[in-house]
Amino acid sequence: MAATASAGVPATVSEKQEFYQLLKNLINPSCMVRRQAEEIYENIPGLCKTTFLLDAVRNRRAGYEVRQMAAALLRRLLSSGFEEVYPSLPADVQRDVKIELILAVKLETHAMTLSETATPMLKKHTNIIAQAVPHILAMMVDLQDDEDWVNADEMEEDDFDSNAVAAESALDRLACGLGGKVVLPMTKEHIMQMLQSPDWKYRHAGLMALSAIGEGCHQQMESILDETVNSVLLFLQDPHPRVRAAACTTLGQMATDFAPNFQKKFHETVIAALLRTMENQGNQRVQSHAASALIIFIEDCPKSLLVLYVDSMVKNLHSILVIKLQELIRNGTKLALEQLVTTIASVADTIEEKFVPYYDIFMPSLKHIQLNKRKSSSYRA
């Protein structure tokens, strides 16, 4: 297979997909398929095998069962032949292996998990984790100034080969695997310093780090949630659009990690702040992130709370909808409009019959969007 390419040669997308399929075949119900997959897997050189397994474990889009199998095989590879395999790896792959061992990958396998073997040891040797955290956070700062980001009309997929995305995923697994008692004290001060940096990349990374540790540090962050949320809300007014977008993403993630208490506690401030961000016509990417965060917030918001804001929300959402519809007709831009329509649908779904009085306000614009979509499709045909 392609995965047997010479050591040191970067894997292509097709090679990665082929390896992911091989991992699936290793747990296939068919005995014949499993045997064939085992033969192929055993013939893959150690470096290629390690590199592909690391990639599969890190890639959240690879699929749960693929990541399960990759974690189990990586554990087996390193535990059975560490002294033979590790010294032969290039320095960058050795670094990645160290990070994965430190992070105690939290992926369940059929028999046992890598985290079950690594977590107890790492909790006894917290100095190892403390040394790793600054390096992980530093990787999250590895961002590029992309002039096209502001005007892009489609959300790009996460680049799992980038240091920033890999580090964010690693921090998430670290928090989930070792828990907030270990991780929060080691990350909190670093993150606060990053949020105060004059460099937008550090502020962006600090916000995304907060987003990443929320699930694993849930209990420990409850006591500081007020100050944390108030701090994140300030970044919705940051001068850099990507920092504002990161603030939206963080609020959306918190709305998931701390639901439904998050909604009950912060409904007044968060709904108002996200609506203001959506009203800012300066950047449709930021508008889209704000709408996405509001959608997530609404999903777990009690109906009794959301109806308190329905009048103001309808007024704001409709005014934004009119403007975005004009931009669609004039420029063909649709990114923020798509998220906005989903936001309106989320409000209607949550408040149910309470939305009926507002039906006629939105329908003319929504029908126009549908008509415009049909025309565009017919032109392309």
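Let's start in a loop: Glu352 sits between helix 18 (335-351) and helix 19 (359-380). Keep in mind that the model you are looking at is predicted. Although Glu352 is not a glycine, Glu352 has a positive phi of about 50°.

**The whole chain**

Now zoom out. The chain has 19 helices and 0 strands. Of its 381 residues, 50% count as buried. If you take the contacts between residues at least 6 apart in sequence, 72% of them join residues at least 24 apart.

How do helix 8 and helix 9 lie relative to each other? Helix 8 covers residues 163-178 and helix 9 covers residues 180-195; their axes come within 7 Å and cross at roughly 135°. The two helices are therefore oblique to each other. On the helix 8 side, the meeting residues are Leu171, Leu174, Ala175 and Leu178, while helix 9 brings Gly180, Val182, Val183 and Thr187. Sorted by class, this contact has 6 nonpolar residues, 2 polar ones and no charged ones.

Setting aside neighbours within four places in sequence, Thr187 is in contact with Val133, Leu171 and Ile213.

**Rings and their partners**

The structure holds 5 aromatic pairs. Two of them are set out here.

| Pair | Arrangement | Centre to centre | Angle between planes |
|---|---|---|---|
| Phe19 and Phe52 | stacked | 5.0 Å | 25° |
| Phe262 and Phe266 | tilted | 5.2 Å | 50° |

Which parts of the chain does the pair of Phe19 and Phe52 tie together? Phe19 belongs to helix 1 (residues 13-25) and Phe52 to helix 3 (residues 46-58), so the pair ties together parts that are 33 residues apart in sequence. Both Phe19 and Phe52 are buried.

Phe262 and Phe266 both belong to helix 14 (residues 261-279), where, being 4 residues apart, they are separated by about one helical turn. Phe262 and Phe266 are both buried as well. Ring pairs also bring in Phe297, linking Phe262, Phe266 and Phe297 into a cluster.

Lys49 lies over the face of Tyr41, at 4.4 Å from the ring centre.

**A buried arginine**

Finally, find Arg244 in helix 13 (residues 241-257). Is Arg244 buried or exposed? Its relative accessibility is 14%, so Arg244 counts as buried. Which residues is Arg244 in contact with, leaving aside its neighbours within four places in sequence? They are Phe235, Leu236, Gln237, Asp238, Pro239, Asn283 and Val286. Val286 is 42 residues away from Arg244 along the chain, and their C-alpha atoms are separated by 6.6 Å.

Note on methods
Residues are numbered from 1 along each chain as its sequence is written. This is a predicted model: local features need pLDDT of at least 70, side-chain atom pairs count only at pLDDT 80 or more; totals for chains, interfaces and linings use all residues. Side-chain values use heavy atoms; hydrogens and water are left out. Axes are lines fitted to C-alpha atoms, for helices over the stretch in contact, and angles run from 0 to 180 degrees between N-to-C directions. Angles under 35 degrees count as roughly parallel, over 145 as roughly antiparallel, 65 to 115 as roughly perpendicular and the rest as oblique. Contact means heavy atoms within 4.5 Å. Ala, Val, Leu, Ile, Met, Phe, Trp, Tyr, Cys and Pro count as nonpolar, Asp, Glu, Lys and Arg as charged, and the others, Gly among them, as polar. Rings of Phe, Tyr and Trp (its six-membered ring) pair if their centres lie within 6.5 Å; planes under 30 degrees apart count as stacked, over 60 as edge-to-face and the rest as tilted. Buried means under 20% relative accessible area, exposed over 50%, partly exposed in between (1.4 Å probe, protein chains only). A charge sits over a ring if NZ of Lys or CZ of Arg is within 6 Å of the ring centre and within 35 degrees of the ring normal.
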